[in-house]
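Here is a short briefing on a structure. Please look it over before reading on.

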Amino acid sequence: MKDNIVLIGMPGVGKSTVGVVLAKVMGYQFVDADLVIQEKERKLLCEIIEEVGADGFIEVENRINSRIEAHHAIIATGGSVVYGKEAMTHLKEIGTVVYLKLPYEELNQRLKDIKGRGVVLKDGQTLRDLYEERVPLYEKYADIAVDEYQLNVEQTIEKIMESFQ
């Protein structure tokens, strides 16, 4: 197994929640890539998106994620990380990429305030459009896919850990 575990997936699948608990269970550090971006840019994600737009945010996200240094860490990424080729190449080099997946209907129920979460939506784009655009990218970069449908946090963590045995 590589040194780190990198969690990817749509907003609302629980990358941060699962990541924190998984890090505790495994004795790893926890890195929230969105918080790293906010710290480096000294702005909230929604402020960055507002200032530079969706494409500009993806460039910032790609630049910062392609430089993350971590050892024995669970890295929870933002949902749009898969748009950054350099970031994904780097994250695959330093870790095993785990795609946390959910059916669209379940995801739609979980996400109420999508804009307030710092989600990158282009003008006129719906959550379904975003889902259909990103799923093939998550599948492309994933070393392991974990279907979370009807699982709680503990069950998701068990499934992740089983995939490494």
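This is a predicted model: local features need pLDDT of at least 70, side-chain atom pairs count only at pLDDT 80 or more; totals for chains, interfaces and linings use all residues.

Residues are numbered from 1 along each chain as its sequence is written, and side-chain values use heavy atoms, without hydrogens and water.

**Helices α1 and α7**

- Helix α1 spans residues 15-26 and helix α7 spans residues 153-163; their axes come within 10 Å and cross at roughly 60°.
- Helices here are DSSP runs (H or I, at least four residues), and strands are runs of E of at least two, numbered from the N terminus.
- Axes are lines fitted to C-alpha atoms, for helices over the stretch in contact, with angles from 0 to 180 degrees between N-to-C directions.
- That angle makes α1 oblique to α7.
- Under 35 degrees counts as roughly parallel, over 145 as roughly antiparallel, 65 to 115 as roughly perpendicular, and the rest as oblique.
- Contact (heavy atoms within 4.5 Å) involves Thr-17, Val-18, Val-21, Leu-22, Val-25 and Met-26 of α1, and Val-153, Thr-156, Ile-157, Ile-160 and Met-161 of α7.
- By class, this contact has 9 nonpolar, 2 polar and no charged residues.
- Ala, Val, Leu, Ile, Met, Phe, Trp, Tyr, Cys and Pro count as nonpolar, Asp, Glu, Lys and Arg as charged, and the others, Gly among them, as polar.

**Helices α2 and α3**

- Helix α2 (residues 33-41) packs against helix α3 (residues 45-65) at about 110°, with axes 11 Å apart.
- The two are therefore roughly perpendicular.
- Residues in contact include Ile-37 of α2 and Phe-57 of α3.
- This contact divides into 8 nonpolar, 2 polar and 5 charged residues.

**Cavity**

- The largest cavity has a volume of about 30 Å³.
- A cavity is a set of points on a 1 Å grid over the protein atoms alone where a 1.4 Å probe fits but cannot get out; lining residues have an atom within 4 Å of a point.
- Grid points are joined across faces, edges and corners, and the volume is the space filled by probe spheres set on them.
- Strand β4 (residues 95-101) gives the most to this lining, with 3 residues.

Note on methods:
On a 1 Å grid over the protein atoms alone, a cavity is a set of points where a 1.4 Å probe fits but cannot get out, and a pocket is an open set with protein on both sides within 12 Å along at least five of seven lines; lining residues have an atom within 4 Å of a point.
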